[in-house]
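Me: Could you take a look at this fold with me? I would like to go through it feature by feature.

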Amino acid sequence: MSDSEPPYPPIVKGASFLLAWRLDGRKVLLIGGGLVASGRLYYLLEAGARVTVVSPRKRLHPETAYRIDVSNPDDIIYEDRDYVGPEEDKLHVTDYDMVLTAIDEVGLSRKVCIACRQARVPVNVADVPPECDFYFGSQLRRGPLQIMVSTSGRGPKIASLIRKQIEASLPSDVEEAIDSVGKLRGELRQRAPGTGGPLGQKRMNWMIGICDAWRLDELGGMTPEVRKQLLDEGWNKDGKILSPKDVGLKSGIAGWLADTRTKVVDALGGGDMQVLKAGVTGFVLGAVIPGAIYIGSLYQRRR
Ligand SMILES: C[C@@]1(CC(=O)O)c2cc3[nH]c(cc4nc(cc5[nH]c(cc(n2)[C@H]1CCC(=O)O)[C@@](C)(CC(=O)O)[C@@H]5CCC(=O)O)C(CC(=O)O)=C4CCC(=O)O)c(CCC(=O)O)c3CC(=O)O
Ligand SMILES: NC(=O)C1=CN([C@@H]2O[C@H](COP(=O)(O)OP(=O)(O)OC[C@H]3O[C@@H](n4cnc5c(N)ncnc54)[C@H](O)[C@@H]3O)[C@@H](O)[C@H]2O)C=CC1
């Protein structure tokens, strides 16, 4: 490295700050009940938010109406009427953790945005990027795995296409792998409880070692007995990292590749090597796009 070369990556401004917002039990105001609102509502409910929907029933999108009709009143409070404005309405933006508008009244949305910003309540106005404190992205979920693609507002349809490519390239056993790792982490914590310090560092190093030494499909196939073996004969013995071979599992990359190809092709409803190529390209693109991947629906907007 030359003397003038910076030691760390340069800052390139213009990005969004990506995070996985824990909305469980939080209050969200959703103004509007059309197609766009139905997508917002779906993701909010999946995140456990307590949503107040204000929108006249006569123009509700069928999915919004369905969610309202089948949901527990703790999850959705529904007001069958027009929202009248931040000054006049009996609902106050200050009582919410997040406010979303998805209505076809630009002036009213602007007023909501101004009131939210004054009160420092995060707001998203569908259709008006400058009035959004945060953007939605194209999302997919497989249990604990969530991936979101953002194009920083430049090309939402491209975000959707990239998300689909990533989706097609995901190994079908990714959810099992994450579940296994979650269980192993929990069991490790029981053996070595506590927060931070040298023990925390040792725990983390051990988990990193295991995740590096085991392929996703191998992790997904990990039985409770194998997890116990990893802990008994690995963690308990100087934090040793046992490989799949060490616990008596056969490794076979060729078998795994064949299996993955079949699963990718199956996921796309059959096909040929062209399809596999598209999936792999998608995965690579997913890794480099200037967007967001949240480790962690397939709701699709139909316009
Ligand atoms: C800034 C942002 C604010 C926000 O909504 O949070 C925003 C803004 C706008 N969208 C517009 C149009 C379209 N939006 C979509 C689709 C989606 N839009 C989504 C997000 C976002 N849209 C945020 C930035 C996301 C990012 O950073 O990439 C997705 C990803 C998530 C979601 O909404 O849930 C979802 C795909 C979900 C999926 O399929 O997985 C399609 C395609 C389609 O419908 O098939 C079109 C038509 C094609 C086109 O116009 O490009 C317009 C112009 C309206 C006009 O011209 O009148 C604006 C306003 C503007 O750009 O000025
Ligand atoms: N950000 C984005 O990604 C996109 C944004 N949009 C925009 O989002 C907005 C909503 O789009 P859609 O859901 O497709 O429209 P829509 O026409 O299906 O739904 C509008 C909904 O808002 C309700 N509404 C209107 N005035 C209201 C008020 N004062 N109080 C409560 N509810 C009210 C209507 O009853 C209806 O349920 C539009 O402005 C549209 O241009 C549309 C597509 C993409």
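Me: How many disulfides does the count come to?
Reply: A disulfide here is a pair of cysteine sulfur atoms within 2.5 Å. For Cys 113, which is in no disulfide, the nearest cysteine sulfur belongs to Cys 116 and is 7.0 Å away. Cys 132 is in no disulfide either, its nearest cysteine sulfur being that of Cys 113 at 8.0 Å. By the rule, then, the count comes to zero disulfides.

Me: Good to know, and what should I keep in mind about the model and its numbering?
Reply: This is a predicted model, in which local features need pLDDT of at least 70 and side-chain atom pairs count only at pLDDT 80 or more, while totals for chains, interfaces and linings use all residues. Residues are numbered from 1 along each chain as its sequence is written, chains are lettered from A and ligands numbered from 1 in the order in which they are written, and side-chain values use heavy atoms, with hydrogens and water left out.

Me: Is Cys 113 buried or exposed, and what is its relative accessible area?
Reply: Buried means under 20% relative accessible area, exposed over 50%, and partly exposed in between (1.4 Å probe, protein chains only). Cys 132 counts as buried at 15%. Cys 113 is buried too, and its relative accessible area is 4%.

Me: In what order do the five strands of the open sheet lie?
Reply: Two strands pair if DSSP finds at least two bridges between them; S2 and S3, for instance, pair in the parallel sense over four bridges. Strand S3 (76-79) and strand S5 (123-125) stand at the edges with a single partner strand each, so one side of each is left without a neighbour in the sheet. The pairing is parallel and the order is S3-S2-S1-S4-S5.

Me: At what angle does helix H3 run to S5?
Reply: Axes are lines fitted to C-alpha atoms, for helices over the stretch in contact (heavy atoms within 4.5 Å), and angles run from 0 to 180 degrees between N-to-C directions. Helix H3 (residues 106-119) lies across S1, S4 and S5, and its angle to S5 is about 165°.

Me: At roughly what angle do the axes of H1 and H2 cross?
Reply: Residues of H1, including Leu 41 and Tyr 42, meet Glu 63, Thr 64 and Arg 67 in H2. The axes come within 8 Å and cross at roughly 35°.

Me: Which positive phi does Asp 127 have?
Reply: Most residues other than glycine have a negative phi. Asp 127 is placed in the loop between S5 and strand S6 (138-142), and counts as exposed at 76% relative accessibility. Although Asp 127 is not a glycine, its phi is positive, at about 90°.

How values were computed. Helix = DSSP H or I, 4+ residues; strand = E, 2+ residues; numbered from the N terminus.
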